[in-house]
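The following exercises concern the structure shown below.

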Amino acid sequence: MTVLIQSATVLDTSSTHHKKVVDILIEKGKITTISNKIEPKKGWTVVSEKNLHVSQGWFDSSVSFGEPGYEEREDLENGLYTAAKSGFTSVAINPNTHPVIDSYADVAYVINKAQKSPVNAVVIGSLTKDGNGTDLAEMFDMHNAGAVAYYDYKKSINNPNVIKLALQYASNFGGIIMSFPNNEAIAGHGVMNEETTSTLLGLKGIPSLAEEIRLVRDLYLVEYTGGTMHIPTISTAKSVDLIRAAKSKGLNISCSVAVHNLVLTDEILKNFDSNYKVLPPLRTETDRLALIEGVKDGTIDMVTSDHNPLDIELKKLEFDRADFGTIGLESFFGALQTVFSTAKSIEILTSGKHLFKVEGNSIEEGEVADLSLFNPADSYVFGEENIFSKSHNSIFMGKKLKGKVYGTFSKNQLTIN
């Protein structure tokens with residue numbers, strides 16, 4: 001395949017073409033020519049779009065697709081297609097499947113199923129067998145199959161010795177331990193942030209303390225073992241402070257925040273819309289601003305969509321009974337740009353790859369083409385027509401977002417909306 005991308009503004013600080021408007025010729029998956037003007041030839045595929053921008057391929061560190069077991073929510077093929085249409089060339093896939101991804105065969109299944117996709121699928125294996133939180137899964141076997149991290153998705157490990165042993169064991173082969181910061185005994189049956197809004201609505205709250213007390217424990221375990229941990233989706237101002245202090249001590253930690261926690265607060269729950277029921281919950285404006293500052297100063301390493309498709313039977317219920325979760329791939333870029341500049345948004349979308357062992361390719365001649373294509377200026381209201389997922393449980397439904405995604409070029413495949 002030969003593809004010519006015309007009049008594209010390059011946003012790649014590692015490239016000599018950064019901020020320049022150029023034509024990019026891609027042959028057999030590699031960038032062969034970058035020039036001010038390249039005349040198209042017969043048989044080439046030409047990409048020419050309004051206000052076209054290109055960057056290194058985007059990465060999302062937390063997506064869920066359901067297969068195997070929950071294909072009615074989302075299957076791998078359509079999930080990866082959704083990622084490509086949303087501008088992502090690499091995604092890390094969570095093990096919240098049925099059965100959970102906790103063996104060599106399970107990891108190999110996902111990787112093999114994704115081979116023909118235009119998106120690089122990074123597999124996160126389950127930390128414990130069957131996600132039971134008690135017995136460590138066969139992490140080294142999963143590592144040999146291609147898994148890069150280990151996580152019981154949205155489940156907090158109550159036994160600190162399990163985390164300790166996991167950190168020590170995984171350090172032998174460079175595995176990343178992920179621990180969801182939520183003390184379930186304190187969170188109880190809470191369904192939203194415990195604050196003024198939860199009291200007004202009469203809904204059970206999840207205190208910030210539930211996150212912070214578990215985070216303190218895990219940070220101490222990292223310090224004790226010298227292991228490597230990624231803390232997914234923090235949500236409170238105190239958590240940002242704790243991570244910042246831990247990093248200043250030189251601990252091997254990284255963390256992420258869900259994009260909706262950067263954009264929305266718990267006040268939006270006043271209409272009891274279950275699409276706003278997420279875990280960790282939407283917090284206060286003070287928390288939101290602290291999280292934004294944490295992203296800006298590098299305390300928070302990554303922003304994620306925390307994409308979790310759920311079918312209508314799980315979401316169109318009373319708020320108390322609905323499942324936690326939202327889709328987010330399709331709205332990620334547009335939501336991010338309501339908070340950050342385009343330059344910062346692209347930095348966020350392309351950074352953190354190395355933490356999950358994903359290669360980044362500069363936009364230069366001779367490099368493998370791994371590109372996201374977009375228009376950063378277009379504003380629009382997110383609706384059903386913007387969703388590619390099988391499930392439609394979007395927290396950003398009806399919200400004004402900024403930035404249109406045109407598609408991707410990755411693995412020698414062009415995906416255009």
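**Exercise 1.** In what order do the eight strands of the open sheet lie?

*Solution.* The model is predicted: local features need pLDDT of at least 70, side-chain atom pairs count only at pLDDT 80 or more, and totals for chains, interfaces and linings use all residues. Residues are numbered from 1 along each chain as its sequence is written, and side-chain values use heavy atoms, without hydrogens and water.
Strands are DSSP runs of E with at least two residues, helices runs of H or I with at least four, both numbered from the N terminus. Two strands pair if DSSP finds at least two bridges between them. The order is β6-β7-β8-β9-β10-β13-β14-β15, with parallel pairing. At the edges stand β6 (58-63) and β15 (302-304), each pairing on one side only.

**Exercise 2.** How many bridges join β6 to β7?

*Solution.* Four bridges link β6 with the parallel strand β7 (residues 88-93). Aspartate 60 lies opposite valine 91 in β7.

**Exercise 3.** Determine whether serine 62 is buried or exposed.

*Solution.* First, locate serine 62: it belongs to strand β6. Next, apply the cut-offs: buried means under 20% relative accessible area, exposed over 50%, partly exposed in between (1.4 Å probe, protein chains only). Serine 62 has 7% relative accessibility and therefore counts as buried. Finally, consider contacts, meaning heavy atoms within 4.5 Å. Beyond its neighbours within four places in sequence, serine 62 touches residues including Ala92, Tyr153 and His307.
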